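Subject: Structure for you to look at

Hi,

Here is the structure I promised to pass on. Have a look at it first, and then read on for what turned up.

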Amino acid sequence: MSPIAVDGPELNLGTAETYVVLARPKIDPTQPGVIAAARDAGVSPEEFAGPGDVWTLMYDADGDGDGFELPGARDTEADAFAEQLQQALAAAEPFTVEAGNFLRLDARPAGADWTVTAHVTAPEGEEDGPAARTLELGALPASDLLAELDRFRRSLV
C-alpha cells in the first residue's frame, strides 16, 4: 500500500525517541493509499480519512507510544497553549504551562537549552484511563522550541 500523507497543524516537542505531539491530522480522502485502505476496511474513503477537525495528543518514550483524541478541543485553545509556552520561554525562568487537563509541561533553563518534562493524562474513558504518564523530553534548544512554536502558530491560520 502506498504511504498516506497527513497534513494539518502539529506541535512537536521532544526528540525522536521521546516526544509529545499535539496535532489536528487531516487526511485527503482522494489519495490512492487512502482509497485502497478504505476499500480494505470496507468503508468510504471519507469515513476512513475522518473529519480532520479532531485534535489528538500523541506521545512516545523509548518505543512505548500511545495517544488519544481530544474531542471538543479547538484551534484557539491550541494557539493559546502555544502562546503561553512562547511567553514562558521568553521569560527565561522555570515554568509550568498546561493544555487543558491532558498535558502539562514543566521546564527550566539549562544554558541555551530547556530541560522539559511532559505530564500526559488521558481523558477518562480512554484505554489508559486518567492515569498520568511522565516523559522526560530532555534538554531542548531554546531556538528550536521557539521556531517550532512559531511554525505551529502560523499553521493554525
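Leaving aside its neighbours within four places in sequence, which residues is Leu-22 in contact with? Before the answer, please keep in mind that this is a predicted model. The contacts of Leu-22 are Pro-9, Glu-10, Leu-11, Trp-55, Thr-56, Leu-57, Leu-70, Ala-78, Phe-81, Phe-102 and Phe-152.

Leu-22 also turns up in the largest nonpolar core, which has 36 residues. Together with Val-20, Phe-81, Leu-85, Leu-103 and Leu-105, Leu-22 is among those that touch the most other members. Helix H3 (residues 75–91) gives the most to this core, contributing six residues.

Now to the sheet. Strands S2, S3, S5 and S6 form an open sheet in the order S2-S3-S5-S6, with antiparallel pairing. The edges are taken by S2 (10–14) and S6 (66–70); each has a single partner strand, so one side of each is left without a neighbour in the sheet. On average, neighbouring strands here are turned by 10 degrees against each other, direction ignored. S2 pairs with S3 (residues 18–23) in the antiparallel sense over five bridges, and Gly-14 has Tyr-19 in S3 as its bridge partner. Helix H4 (residues 142–155) packs on this sheet and touches S2, S3 and S5 (55–61). The direction of H4 makes about 165 degrees with that of S2.

In one of them, S7 (residues 95–99) and S8 (residues 103–110) pair in the antiparallel sense over five bridges, with Leu-105 of S8 as the bridge partner of Val-97.

Lastly, helix H1 (residues 32–41) is worth a look. Gly-33, Val-34, Ala-36, Ala-37 and Ala-38 are buried in H1, and what covers the buried residues includes strand S4 (26–27) and helix H2 (45–49). Just after H1, Gly-42 takes a positive phi of about 75 degrees.

Key: Residues are numbered from 1 along each chain as its sequence is written. This is a predicted model: local features need pLDDT of at least 70, side-chain atom pairs count only at pLDDT 80 or more; totals for chains, interfaces and linings use all residues. Side-chain values use heavy atoms; hydrogens and water are left out. Buried means under 20% relative accessible area, exposed over 50%, partly exposed in between (1.4 Å probe, protein chains only). Helices (H or I, at least four residues) and strands (E, at least two) are DSSP runs, numbered from the N terminus. Contact means heavy atoms within 4.5 Å. Two strands pair if DSSP finds at least two bridges between them. Axes are lines fitted to C-alpha atoms, for helices over the stretch in contact, and angles run from 0 to 180 degrees between N-to-C directions. A nonpolar core is a set of buried Ala, Val, Leu, Ile, Met, Phe, Trp, Tyr and Cys residues joined through side-chain atoms within 4.5 Å.
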